[in-house]
Amino acid sequence: MRVHLYILTVGLGVVLAVHLAMNGKVGSIMANPRVGNAVFWCIGAVAAVLIGVTGWQAGALAPLAKVHPLLLTAGVLGACLVFAIAWLIPQIGAGPVMIALLAGQVLGGLIMSHFGWLGSPEQPITWMKLAGVGVMVAGVVLASFTK
């Protein structure tokens with residue numbers, strides 16, 4: 001097992017939580033989460049281009065012709081996802097949003113792995129994994145609805 005990759009992933013989860021909370025705060029300050037999020041996406045687009053050009057080489061876009069157009073909608077999904085989260089955080093709080101997102105990600109990941117979708121290695125859903133999702137959902141309820 002490559003523990004360092006799991007540690008990195010947990011760290012990225014923390015960065016994601018902070019990023020999304022920052023996005024929600026900007027939308028709240030601006031009293032318009034859509035405009036605040038649009039600003040974030042513009043800055044992010046510039047950063048993505050700068051990161052991309054650092055590894056640019058001749059013909060880098062040639063394989064794009066092999067990509068199914070449906071896969072390119074991931075950018076739209078990402079924008080909608082972040083817009084929704086930026087709206088949700090001021091409504092219910094960063095903690096409940098992140099916990100519920102994590103539970104959804106685990107469930108989605110289990111399903112994707114079970115069927116081997118999008119290049120994921122096939123890993124069947126087991127009763128133990130379902131119990132883990134149940135514990136996470138219970139955690140969402142406990143962390144979100146208890147005082």
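Visitor: What makes G93 and V97 count as touching L88?
Guide: Heavy atoms within 4.5 Å make a contact. In this predicted model, L88 meets that test with G93 and V97, once residues up to four places away in sequence are set aside. L88 itself belongs to helix α3.

Visitor: Why is L88 called partly exposed?
Guide: Its relative accessible area is 30%. Buried would need under 20%, and exposed would need over 50%. The value of 30% falls in between, so L88 is partly exposed.

Visitor: How far apart are L88 and P33, in sequence and in space?
Guide: They are 55 residues apart along the sequence. From C-alpha to C-alpha, the separation in space is 9.5 Å.

Visitor: What makes α1 and α3 roughly perpendicular?
Guide: Their axes cross at roughly 70°. Angles of 65 to 115 degrees count as roughly perpendicular, and therefore this pair of helices gets that label. The axes come within 8 Å of each other.

Visitor: Which residues make the contact between α1 and α3?
Guide: From α1 come H19, L20, A21, N23, G24 and S28. From α3 come V82, I85, A86, I89 and P90.

Visitor: Which residues of α4 are buried, and what makes them so?
Guide: They are P96, V97, M98, A103, L110 and S113. Each counts as buried because its relative accessible area is under 20%.

Visitor: What do the buried residues of α4 pack against?
Guide: They pack against three helices: α1 (3-29), α3 (74-92) and α5 (127-145).

Visitor: What happens to the backbone just after α4?
Guide: G116 follows, with a positive phi of about 70°.

Visitor: Why is L118 called exposed?
Guide: The cut-off for exposed is over 50%. L118 has a relative accessible area of 68%, so it passes.

Visitor: What phi does A31 take, and where does it lie?
Guide: A31 has a positive phi of about 55°, although it is not a glycine. A31 lies in the loop between α1 and α2 (33-53). Its relative accessible area is 68%. That value is over 50%, so A31 counts as exposed.

Visitor: Why are F115 and W117 called a stacked pair?
Guide: The model has one aromatic pair by the rule used here. F115 and W117 form it, with ring centres 4.9 Å apart and 15° between the planes. Pairing needs centres within 6.5 Å, and stacking needs planes under 30 degrees apart.

Visitor: Are F115 and W117 buried, exposed or in between, and what decides it?
Guide: F115 has a relative accessible area of 46%, and W117 has 45%.

Visitor: What does L72 touch?
Guide: L72 touches L64 and V67, leaving out residues up to four places away in sequence. L72 lies in the loop between α2 and α3. The C-alpha atoms of L72 and I99 are separated by 27 Å.

Visitor: How many helices and strands does the chain have?
Guide: There are five helices and zero strands. Along the sequence the pattern reads α-α-α-α-α.

Visitor: What share of the chain is buried?
Guide: Of the 147 residues, 14% count as buried. The chain exposes about 10,700 Å², and carbon and sulfur atoms supply 77% of that area.

Technical notes:
Residues are numbered from 1 along each chain as its sequence is written. This is a predicted model: local features need pLDDT of at least 70, side-chain atom pairs count only at pLDDT 80 or more; totals for chains, interfaces and linings use all residues. Side-chain values use heavy atoms; hydrogens and water are left out. Buried means under 20% relative accessible area, exposed over 50%, partly exposed in between (1.4 Å probe, protein chains only). Helices (H or I, at least four residues) and strands (E, at least two) are DSSP runs, numbered from the N terminus. Rings of Phe, Tyr and Trp (its six-membered ring) pair if their centres lie within 6.5 Å; planes under 30 degrees apart count as stacked, over 60 as edge-to-face and the rest as tilted. Accessible areas come from the Shrake-Rupley method with a 1.4 Å probe; for residues, only the protein chains shown count as cover. Axes are lines fitted to C-alpha atoms, for helices over the stretch in contact, and angles run from 0 to 180 degrees between N-to-C directions. Angles under 35 degrees count as roughly parallel, over 145 as roughly antiparallel, 65 to 115 as roughly perpendicular and the rest as oblique.
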